[in-house]
Amino acid sequence: MVIHKRIPDRGRASVIEHLRLSPYTLLMTTPATLKASFRLLMTLALAMGLSACASMPHKAPPSSNPPPVETATAASQIPLAERADQLMITGHYQEAAKDYIHAAADVRGQAQLDYLMKAAQASLQGQKPQVAILLANEVLRLQHGNATLRGAALWVRAQGLMDQGQTPSAKGNLEEILTITSTPQEVRARAMGTLATLYTQEGHELTALNFLIERDSLLGGDAIAENHRRIHALLDQQSVAKLQNWQGRSGNPLVQEWIAIALITRQNPDPQQRQTAIRAWLAAHPGHPPINFSDDDATAAGASALNRAPGGVCALLPSSGSYGPLSQAIAAGMETAAQLRSGPAVRILRSTGNPSYTAVLFERGIREGCKIFVGPWLPQDINAVAAVRKPGDPPVIALGTASDVQQPGLYTLSLSRDVAAQQIATQSYAAGYRHAYVLYPQDSSGAAIQADFITAWKHLGGDVGGVTTYLPGRSLTSEAQQLLSAPPGRHSFVFLVTAAKNANSAVTAIRQINRTVPIFSPALLHGAALPSDAQGLSGIESVDMPWIINPGQSWPQASLLLRTNLPNASDAQWRMAAFGLDAYRMAERVLDQDMSGRLNGATGVLRFAADGRIVRDMEWMKVENGRVVPLSGVPGPGA
């Protein structure tokens, strides 16, 4: 067990004050004092959420009289730093951050700042933005005239602030990065792309357009095409009146040129006439430097940005029937992730429900440069793609399952709601429960979820004490009495399937019969929020995805941007948008050939299994007085 030491408020303030060393003071400080300072820094970092690992070896505390020979200290920290480097490579970011901090305590000068910087970067990658910000602040305080190090610390702090939803503060850090001449070109381009996103969210589209066009000269290859897609998309969203109002308001002639060509595109839908008009405008404005875009860019400028993107991540999704709106939400999630991460562009390939056509779309996508496919989704489409897919073809992340389909490079990220039901069965049995009582609504979705749960539960050896259905919208008192006619034992729980609108009445009915039996539920699978009156849900446990409960905690920037892209999204669409966010990030990992470690996603914690499955471990939560309280695991029997 790992114990995080709580620092009292007064103690925490003294720690921070103890670490506020000027560069001059730092150089004059003794090794013993430095070690004490960084031990305090380590304690503070752990108190703010840096997860420790009990199995990792820890350094013994230094004696009060450390040896004066600096070479011995340096020799002792080299293996520690090397181990931290290896932990970074294998994806153990939080343990790496700990070792980097310990290494920093043993050295002075530039080496100390370098280790602190690495600790900040490791904390950011380990999903600990608070700790990353703390460490970046230390680097910014202690560095003296090192512009490169300052820029790196500002970048980490900006990313950490954005992860916490503090976008105004992040903007200031990103804009300062652009003023540092030593900022690498790649970092400068990413900062501009992120600022464009933030300013778009705030409604300052012209400022965002300026950043996108300025970053064009910093990019190359596919990145230019993706940047042009973003420019086109931004211009496409503006009215003609707004574009006319923007003319002349930017001092950048390239921005004026893009706006002019966007207006010409609106007025000339015919491609040949459009090209003639563009050439005439360029001839009439010789002072403007030429825009670095291809003829294809100009021809496609008036088309929908969704289908224009030539990107390397291709979403192969069904567009017919009830799947259309859900696919739209998945695509929106993927495009949002691509925009926020400045990663490969997303191209949407829409299938029609005909498996043969899905296979044709797959082969066409390969010819047109798709580097990885997300989808297909339906079993018949997965089978069709698997049948034509050849060794050496791009990898595929299928969003559903198909029997007997397993190929190298074909991964499965199931979107099915049965995953939550099966996880409740597996983890509850492992926690010591043996008897389940099932209450579910009389509809097709409820029937499917309870069937998946019972199948998994019985396969493990669990006993089903009773099964009762109910009609949504009605009182559940008699159903609860029927279900729990015999008092459940200590190793029992109720498996409740319910929508958010029926959750209060279901829990109230169960509690009238039995006040202590645990209630495990994929309860909010049907709702994007808790019921308006969630006080009656106290005690209910759930393993649903955190995004459904509070999307602002999972990925604040993505939530804000998706609210703009999907303003009227249904609960089901909101759930699928979260899968789109995670599918894109897992696609990035496949492209990077990084199958190690775990990803804290919007839908849970994701990891690659040996059989090609992408396992999604959802978070257990407890509703307590109307608020969601995260749990570290399933509560044990009688707990």
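S342 lies in the loop between α18 and β2 (346–351), where helices (H or I, at least four residues) and strands (E, at least two) are DSSP runs numbered from the N terminus. Phi of S342 is near 50°, a positive value in a residue other than glycine. The model is predicted, with local features requiring pLDDT of at least 70 and side-chain atom pairs counted only at pLDDT 80 or more, while totals for chains, interfaces and linings use all residues. Residues are numbered from 1 along each chain as its sequence is written, and side-chain values use heavy atoms, without hydrogens and water.

**Backbone**
- A cis peptide bond, with omega near 15°, runs from G375 to P376.
- P376 is found in the loop between β3 (372–374) and α20.

**Second largest pocket**
- The volume of the second largest pocket is about 1,000 Å³; a pocket is an open set of points on a 1 Å grid over the protein atoms alone, where a 1.4 Å probe fits, with protein on both sides within 12 Å along at least five of seven lines.
- A volume is the space filled by probe spheres set on the points, which are joined across faces, edges and corners.
- The lining comprises 40 residues, of which T401, S414, S416, D418 and V419 lie nearest the pocket centre; lining residues have an atom within 4 Å of a point.
- At least two lining residues each come from α18 (323–341), α20 (379–388), β5 (410–412), α21 (418–430), α22 (444–460), α28 (571–591) and β13 (614–617).
- α21 gives the largest share of this lining, six residues.
- By class, the lining has 19 nonpolar, 13 polar and eight charged residues (Ala, Val, Leu, Ile, Met, Phe, Trp, Tyr, Cys and Pro count as nonpolar, Asp, Glu, Lys and Arg as charged, and the others, Gly among them, as polar).

**Helix packing**
- Helix α6 (residues 109–125) packs on helix α8 (residues 147–163) at an angle of about 25°, with axes 10 Å apart; axes are lines fitted to C-alpha atoms over the stretch in contact, and angles run from 0 to 180 degrees between N-to-C directions.
- α6 and α8 are therefore roughly parallel to each other, as angles under 35 degrees are classed.
- Their contact (heavy atoms within 4.5 Å) involves Q110, L113, D114, M117, A120, Q121 and L124 of α6 and L149, A152, A153, V156, Q159, G160 and D163 of α8.
- Helix α27 (residues 556–565) and α28 pack at about 125°, with their axes 12 Å apart.
- A558, S559, L562 and R563 in α27 meet W574, A577 and L581 in α28.

Key:
Parallel < 35°, antiparallel > 145°, perpendicular 65-115°, else oblique.
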